[in-house]
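Keep the sequence and the structure open while reading.

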Amino acid sequence: MATKPARYEIRVEGVLGEEWSAWFDGLQVASEGGETVISGVITDQPALHGLLNRVRDLGICLISVHRTKEET
């Protein structure tokens with residue numbers, strides 16, 4: 001099953017600076033209070049799972065993953 005690119009918002013606990021954008025394949029990284037929102041267009045499901053693995057590898061708490069209105 002092929003998937004199309006989609007816009008996602010990944011919310012994690014803690015504050016990561018914008019310099020983490022490269023680690024997350026150029027997605028936007030912004031802090032909101034004590035949380036970080038990683039957002040942007042992700043090419044497909046395997047790429048999404050790869051990004052979630054990176055969150056896991058950092059040892060930070062995943063709060064939510066939300067597919068937003070497609071604007072690709």
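## Terms and model

Buried means under 20% relative accessible area, exposed means over 50%, and partly exposed lies in between (1.4 Å probe, protein chains only). By that scale Arg11 is buried, because its relative accessible area is 17%.

This is a predicted model, in which local features need pLDDT of at least 70 and side-chain atom pairs count only at pLDDT 80 or more, while totals for chains, interfaces and linings use all residues. Residues are numbered from 1 along each chain as its sequence is written, and side-chain values use heavy atoms, with hydrogens and water left out.

## The sheet

Helices (H or I, at least four residues) and strands (E, at least two) are DSSP runs, numbered from the N terminus. Two strands pair if DSSP finds at least two bridges between them. Here 4 strands form an open sheet. Their order is E2-E3-E1-E4, and the pairing is antiparallel. Strand E2 (28-32) and strand E4 (62-67) stand at the edges. Each has a single partner strand, so one side of each is left without a neighbour in the sheet. On average, neighbouring strands of this sheet are turned by 20° against each other, direction ignored. The angles come from axes, which are lines fitted to C-alpha atoms (for helices, over the stretch in contact); angles run from 0 to 180 degrees between N-to-C directions.

Strands of a sheet pair through backbone hydrogen bonds, either parallel or antiparallel. E1 and E4 run antiparallel, joined by 5 bridges. Glu9 stands opposite His66 in E4.

Contact here means heavy atoms within 4.5 Å.

Gln45 lies in helix H1, which spans residues 45-58. Gln45 is partly exposed, with a relative accessible area of 30%. Leaving out residues up to four places away in sequence, Gln45 touches Thr3 and Tyr8. Gln45 is also 8.6 Å from Pro5, C-alpha to C-alpha, though 40 residues separate the two in sequence. Pro5 itself lies in the segment before E1. Pro5 is partly exposed, at a relative accessible area of 36%. From Pro5 to Pro46 the C-alpha distance is 11 Å, across 41 residues of sequence.

## The nonpolar core

A nonpolar core is a set of buried Ala, Val, Leu, Ile, Met, Phe, Trp, Tyr and Cys residues joined through side-chain atoms within 4.5 Å. The largest one has 13 residues. Which members touch the most other members? They are Ile10, Phe24, Ile38 and Ile42. E1, E3 and H1 are the elements that give two or more residues to this core. E1 gives the most, with 4 residues.

Take Ile10. Setting aside neighbours within four places in sequence, its contacts include Val37, Ile38, Ile42, Leu48, Leu52, Leu62 and Val65. Thr36 and Ser64 are also among them.

## Arg11 and its partners

Arg11 sits in strand E1 (residues 6-13). Beyond four places in sequence, Arg11 touches Glu32, Glu35, Thr36, Val37, Leu62, Ile63 and Ser64. The side chains of Arg11 and Glu9 are joined by a polar contact of 3.4 Å. A polar contact is a pair of N or O atoms within 3.5 Å; within protein, one must be able to donate a hydrogen and the other to accept it, and residues adjacent in sequence count only if both atoms are side-chain atoms.

Side chains of opposite charge can pair when their charged atoms come close. Arg11 forms a salt bridge with Glu32, the closest N and O atoms being 3.1 Å apart. That pair links distant parts of the chain, with Arg11 in strand E1 and Glu32 in strand E2, 21 residues apart. Glu32 is partly exposed, at 44% relative accessibility. Glu35 and Arg11 also meet in a salt bridge (3.0 Å, N to O). Here Glu35 is in strand E3 and Arg11 in strand E1, 24 residues apart. Glu35 is partly exposed, with a relative accessible area of 26%.

## Salt bridges overall

How many salt bridges does a search of the whole structure find? There are 5. The term means a side-chain nitrogen of Lys or Arg within 4 Å of a carboxyl oxygen of Asp or Glu. Glu9, Arg11, Glu32 and Glu35 are linked in a network of salt bridges.

Arg56 forms a salt bridge with Asp57, with the closest N and O atoms 2.9 Å apart. Arg56 is exposed, at 54%. Asp57 is exposed, at 52%.
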